[in-house]
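Trainee: I am new to this structure and would like to go through it slowly, one question at a time.
Mentor: Then let us begin with the view below.

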Amino acid sequence: MTGNTLTIALAGNPNSGKTTMFNALTGSRQHVGNYPGVTVQKKEGRLKHNGVTVHVVDLPGTYSLTAYSAEELAARNFLVDERPEMVVNILDAGALERSLYLTVQFLELGVPVVLALNMMDEVKKRGMQIDTGLLSRLLRSPVVETVARIGEGKERLLDATLDFARGNRRPWEPLILSYGPDVDAALAEMTDIIEAARFLDGRLPARWVALKLLEGDHEVAGICRQAGAAFDRLAAIVERLAGHLTATMNSYPEALISDYRYGFIASLLKQGVIKKDASRERIVYSDKVDRVVTDRFLGPLLMLGVLYGMFEMVFFIGEYPMGWFEDFFSWLSGLASAIIPPGQIQSLVVSGIIGGVGGVLGFVPLIVIMFFLLSYLEDLGYMARMAYMLDRVFRIFGLHGGSVMPFIISGGIPGGCAVPGVMAARTLRSPKERLATILTAPFMACGAKIPVFVLLVGAFFPQGAGTAMFWITLASWGAALVVARFLRSTVIRGEATPFLMELPPYRIPTLRGVLLHTWERAWQYVKKAGTTILAISVLLWAAMTYPQLPQDVADGYATSRQTLAAGLEAAETTGAPGLDGAALADLEARLADIDNQEAEAALRNSLAGRLGTALERVTRLAGFDWRVNIALLGGIAAKEVIVSTLGTSYALGEVDPGEAMPLSQRLAADPAMSKASALALIIFTILYAPCFVTVVAMAREASWGWAAFAMVFNTGLGFAAATAVYQIASRI
């Protein structure tokens, strides 16, 4: 501990409640970044406790410190490079043997550890008792009982951490375990070589580095390889030991090391750490529920019911607040039109900013409700069940059960984002299954596509909005799976790998936790609308405004307008004979029609209008007019831009920029749009090129070649599918 500041790393297995504890400790005092050199998210927060400023870093969830994935590498590198004063290891107390495997690796590294036995309420319900005092003495580390979802035990955890930090000023002291005579002999020989060569500048225990080499850790091996001849000697020892173990025990070093670690853990627990009340032992509640929820036939039906119910609830609850938002932005447009004099500044503010960004922000109520329900399902533990059930389906299409979570994160249950979904695919060990997942995850109904779907559904299928969104989601899944099967049968051939996963126990989510997760996601959506979408909207407004109409064309419209206006004024003042109310109304309509014709001509003459019109010759096959073409080009930057661009283009094409008409009504009233073209646009939005940020993520996780392939292949596939849908639907 340095002065009155303490840095602690919060670590633990996935589903251990680690992030819940992080939120309970830091609340809103947190920020998100990336670990150096990788795209793994890094969450940090600060708090004050007993006069000490505690800096908390939430490490990625991991089962091991042997770096198989980017998350494990990021967690380990933080410990090695940053050397926090303390690691607070969050353990699932109901699965103590498995959870302690990571703890043992921390102890072997030598880092000071405080153990938080989380979910102790569930342990007690199962009739189990854990002797935390005995476990603390055996591991020589503080042990605290917690229930992170309600914040129970967090103060005791902070007290224990600070006390341990104050009294623990020694250098890191690694735990030394025996791995049997063969491995121990190899470790001793390798340790001498490592110490003599001063691998990693002595920052890590030499025996721990030797263990990583025996476990096949490519990251450590890559660093040690720079030592030249010394590394060759180490590699020879590893190869010799592997051959010996294969010949004598039909095993290999990594498996034997794992067995001995679990043996050490079992010996600890057998000393009386866990006691079970035989009279209260029963089948865990989660197991009873899973018999139904993960049933081969009932499970998928229930999952579809959950999705359908979620959509119906989103539109049922969100209908009124969404209307309030639309009314607010219509009022804001009218106010801006009244305050700002007519001209380019008014057009920029009303059509470019309010019409563009306001169109995206109008969906905030639906997005918030969807994020709330999604967060609830995640915290409940249902998402893991979805992955488990879908594994059988994914295998048919050449994917892996581990591909399910990247799909869900990308928007398998709408509201996700393809960027973290693509990055989540790095947990797949098979390069070909990983690549197939990366290429197809962007087909999911991410949070950026939702406003587009909601806009089109609201305009053309208002009576069955929830049902329509349900089918759109299934179409996204279907498209991803079919394309994955095609890719795995052609350009990404390879054998399937087995899938193992842990089903966490069901937990009733806390309102605070769900609201915090909802706020984080909703704020990211709003922030994107206020920054990225705003910037793109202004650029597209400029592209849809300039160059302006040639002067002779503008003068022609002005002359026609003046002639009609003069006739209308004369008729109203003199009461021209034979000019009844219907004739006056016709004059007014013709005058408004000239204004609208000029606005549309100006939009068509602009840079964006010319490009959209040029593409119309081809896109008419799919039912897309020049306005839709402009929006879809903007959607390559970010899918929300489709809505903002349509909002801008329709606002620029209206005579009254402050007209209080929602964009969905303008779309429905446009003769160029129909239900058939709306269906085609939905299909194209599902399939065509990922947004730019996703393309960058795909390039980082695979290569720029595969990212370019996704843009070209997806767009071609999307246009072919949209054309087929439009041609069939328009005939029906």
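Trainee: Which residues touch the most other members of the largest nonpolar core?
Mentor: This is a predicted model, in which local features need pLDDT of at least 70 and side-chain atom pairs count only at pLDDT 80 or more, while totals for chains, interfaces and linings use all residues. Residues are numbered from 1 along each chain as its sequence is written, and side-chain values use heavy atoms, with hydrogens and water left out. A nonpolar core is a set of buried Ala, Val, Leu, Ile, Met, Phe, Trp, Tyr and Cys residues joined through side-chain atoms within 4.5 Å, where buried means under 20% relative accessible area, exposed over 50% and partly exposed in between, with a 1.4 Å probe and protein chains only. Among the 93 residues of the largest core, the ones that touch the most other members are Met469 and Phe624.

Trainee: Is Thr619, which is in contact with Phe624, buried or exposed?
Mentor: Thr619 lies in helix α26, residues 607-619, and, leaving aside neighbours within four places in sequence, it is in contact (heavy atoms within 4.5 Å) with Phe624, Asn629 and Phe719. Because its relative accessibility is 11%, Thr619 counts as buried.

Trainee: How many residues of helix α20 are buried?
Mentor: Helix α20 spans residues 450-460 and is mostly covered. Its buried residues include Ile450, Phe453 and Phe460. Out of eleven residues in helix α20, the number buried is ten.

Trainee: Why is strand β1 largely enclosed by the rest of the structure, and which residue of β5 is the bridge partner of Ile8?
Mentor: Strand β1, residues 5-12, is largely enclosed because seven of its eight residues are buried. Two strands pair if DSSP finds at least two bridges between them; six bridges join β1 to the parallel strand β4, residues 52-58, and five bridges join β1 to β5, residues 86-92, also in the parallel sense. In β4 the bridge partner of Leu6 is Val54, and in β5 the bridge partner of Ile8 is Met86.

Trainee: What is the distance between the closest N and O atoms in the salt bridge of Arg149 and Asp121?
Mentor: A salt bridge is a side-chain nitrogen of Lys or Arg within 4 Å of a carboxyl oxygen of Asp or Glu, and by this rule the count comes to 13. Arg149 lies in the loop between β8 (143-145) and α6 (154-167) and Asp121 in helix α4 (residues 120-125), so this pair ties together parts that are 28 residues apart in sequence. Between Arg149 and Asp121, the closest N and O atoms are separated by 3.0 Å.

Trainee: Which helix holds Arg207, the salt-bridge partner of Asp184?
Mentor: In the salt bridge of Asp184 with Arg207, the closest N and O atoms are 3.5 Å apart. At 17% relative accessibility Arg207 counts as buried, whereas Asp184, at 21%, counts as partly exposed. Asp184 lies in helix α7 (residues 181-197), so the pair ties together parts that are 23 residues apart in sequence, with Arg207 in helix α8.

Definitions and conventions: Helix = DSSP H or I, 4+ residues; strand = E, 2+ residues; numbered from the N terminus.
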